[in-house]
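Dear colleague,

I am handing over the structure below, and my notes on what was found in it follow. Please read them alongside the coordinates.

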Amino acid sequence: MQKALFNRVLLAAAVVFGAPTLGLAQEGGEDNTPYGTTSAEFLLLGAGARGAALGGAFASIADDPSALYHNPAGIALVRGPGVTLSTYDYVADTRYSWGGVVFPFGGGTSSFGIQLGTFGFKDQPVYTVEQPDGTGSVYSVNETFVGATYAQNFSDRFSAGLTAKFVFDQLGDAEGNAFAVDFGTNFHAMLNNHPIKFSFVLANLGTNLSYSGDALNAEIPRNPLPGEPEVPTQPQPGTLRTKDFALPTVFRVGLAYDLVARENSRLTLLGDFNQPTNAKAGFVLGGEWGLNRLGGSGFGAALRGSYSYTASNSAELTTLDTDLSSREDLQGLAFGGGINYSAANGFLLGVDYAYRHMGVLGSTSFFTFNLGW
C-alpha cells in the first residue's frame, strides 16, 4: 500500500514539475498563442497576501477564506467561520481589493462562502486626436466579480468545490457582464508521516463578454449607392457592435509536501503548473515556513517566498537597457509573511503581507486582514 502511494506521488510530481519543462522545450512552428484576446483579466489578480507571496501555488494548501479564489475545495478544510479582506495598489495608480467570508456547516463536512473582487480607477482625463490637451471630461473604470461557493469533504482525504460567479465590467460609458464557474479538488494524504496534498483547479470557465452603453452610440453617415446622386442627408443614429471576448480561463495542477511537520512548526514546499487560455504555460515554485504557539502562547508567524515563470511576461531587452534588464530579471519573485493569534475557543486574528515584483512594471505590496471565530 505504501509503495503504491509512493508511486502515485512520483507520477504526480512528474506531472507538476515535468510538464513545464516539456512545454518550454518545444521549439519551432508557428506561435498561435492568443495573447490579448481575453477580457476581464482582473480575475487573475489573486486574493490574499498569503497566495500572492506563494505566487499562485497556494491552491494545494488553501485552507482559509482566500481559498474561495484559489481553490473552491479548500473552504471545506476551514475549521470555523472566517473573513479575509485584502487590498493592494496595482500599476498606474489602480487598486485591486478582495474580500471573502466562509461558513462551515454539516458538522464540518460542508462549507459555503461568498467573495467579491473589484479593480479600477477614477476620474481620468479624456484625450482625443482633436483635443490632445483634454476635452475637460473624465472617465472611470470599475471591474467587479461576485461569487458564491459550495464545497464538501467526500472523505477524510478528498474534497471538491464549485463556484458560480458574475462578472461586471464598466469601462467609462460602456459596460458588459458575463457568468463563469470555478471547479477545484483537493486530495490530502500522508507520505512517511508527512502531509502531502494535490490540487486540480479550473477557473473562469464561462460565457463571453460583450459591451453596450452610451459609449457605443454613434451617428452613421449615409453614403450614396453607386450611380445614385449625392444628396445631402443627416447622419442616422446607430449603435456600434463589439466583438465578444472570452474570459481568461486557467487550468492549474498543484503539489505540496510538508518537508518538516512538527506540532508547532511546518516547512511546506510547493509546486504549481498552470495553463491559461491567453498565454503560454507557466509554473511556480515556492515554500512556506509556519510557526505556531510561540513560547507557549497563542501567537504564530509565517515566512513565504516563491518564483513564478510566465513565458509571455519575459521581455527581451537589449544589453543597453541595463536598468530595465535588471528589473526584468526580478520578474516573478515574491515573498512575504504574517503574524496571527489563535485562541482555544476558535477565535483567530491575523495580518499578512506580500511583496511581488512585476519586472519593468515595478513592484506591488499586498496587505490582508484575517478574522475567524
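Buried here means under 20% relative accessible area, exposed over 50%, and partly exposed in between, with a 1.4 Å probe and protein chains only. This is a predicted model, in which local features need pLDDT of at least 70 and side-chain atom pairs count only at pLDDT 80 or more, while totals for chains, interfaces and linings use all residues. Residues are numbered from 1 along each chain as its sequence is written, and side-chain values use heavy atoms, with hydrogens and water left out.

Buried residues make up 41% of the 373 residues in the protein chain, which has four helices and 17 strands (DSSP runs numbered from the N terminus, helices being H or I of at least four residues and strands E of at least two).

Asn-370, in strand S17 (residues 363-372), counts as buried because its relative accessible area is 12%. Although Asn-370 and Val-83 are 287 residues apart in sequence, their C-alpha atoms are 5.8 Å apart in space. The side chains of Asn-370 and Asp-352 are joined by a polar contact of 2.9 Å (a pair of N or O atoms within 3.5 Å; within protein, one must be able to donate a hydrogen and the other to accept it, and residues adjacent in sequence count only if both atoms are side-chain atoms).

Glu-143 lies in strand S4 (residues 138-153). Leaving aside neighbours within four places in sequence, the residues in contact with Glu-143 (heavy atoms within 4.5 Å) include Phe-42, Phe-119 and Phe-168.

Best regards
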